[in-house]
Amino acid sequence: MGLGLIGKKIGMTRVFTENGDSLPVTVIDVSHNRVTQIKSQEKDGYSAAQLVFGKKRAVRVNKPLAGHYSKAGAEAGEIIKEFRVNSDEALGELKIGATIEIDIFQEGQKVDVSGITIGKGYAGTIKRHNFSANRTTHGNSKAHRKPGSIGMAQDPGRIFPGKRMSGQMGSVKKTIQNLEIIRIDKDKNLLLIKGSLPGSKGGKVFIRPSIKVKQ
């Protein structure tokens, strides 16, 4: 586990390599990650750094959080996230109220990105679970996109938990592992990460060093 950053998904674009290959990338804004709390093994039982991202008007912050921000000397933000690390030494000389720079990541580094996927509403089994549709001819009538049999009759006479059926699709937390950082724009605090990431434009994502690095 390593220290990460909170970011906002700007959108997708592409970059060209020296060989002329086109790579799809997602642009993430990771500016102004402020430290609001540092947890240590001695005091809290584990090592972690709590970060806040974004801006929020003071009138929109409740009293407990306002006191927390005031104690840390940090500006109120939209979202707070805690990043655990392996030891107190991994936090280095990090101090409360300081801003975490984009320098903690490097181009070519593998990262894990978490976010909330786009909500699709109530969806059927074919769309939600990628089932195959039934045949459209040879006697099939009004059952082209139905799931088919979902359970047994008298024994056991019920549907087992976990049966893949229709329901709410999306709007869940999802983590994509081993994504490569293609480019870093230090002037604008932007990360360009290869591939697509969960969530819509403007959504918040959490970026941290990959825990399952592929060789």
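Tyr46 sits in the loop that links α1 (41-44) to β4 (47-53), with helices (H or I, at least four residues) and strands (E, at least two) taken as DSSP runs numbered from the N terminus. This is a predicted model, where local features need pLDDT of at least 70, side-chain atom pairs count only at pLDDT 80 or more, and totals for chains, interfaces and linings use all residues. Residues are numbered from 1 along each chain as its sequence is written, and side-chain values use heavy atoms, leaving out hydrogens and water.

Who does Tyr46 touch? Setting aside residues up to four places away in sequence, its contacts (heavy atoms within 4.5 Å) are Lys39, Ser40, Gln41, Glu82 and Arg84. Ser87 is 41 residues from Tyr46 in sequence, yet their C-alpha atoms are 7.6 Å apart.

Two charges sit over rings (NZ of Lys or CZ of Arg within 6 Å of the ring centre and within 35 degrees of the ring normal):

| Charged residue | Ring | Distance to ring centre |
|---|---|---|
| Arg84 | Tyr46 | 3.9 Å |
| Lys81 | Phe206 | 4.8 Å |

Now the inside. A nonpolar core is a set of buried (under 20% relative accessible area, 1.4 Å probe, protein chains only) Ala, Val, Leu, Ile, Met, Phe, Trp, Tyr and Cys residues joined through side-chain atoms within 4.5 Å. The largest one has 27 residues, and Ile28, Phe105 and Ile207 are among those with the most contacts inside it. Strands giving it at least two residues each include β1 (5-16), β4 and β12 (204-209). A second, separate core has 7 residues, including Val15 and Leu190. Beyond four places in sequence, Ile207 touches Phe83, Val111 and Ile193, among others.

Terms used. Buried < 20%, exposed > 50% of the residue type's maximum accessible area, 1.4 Å probe, protein only.
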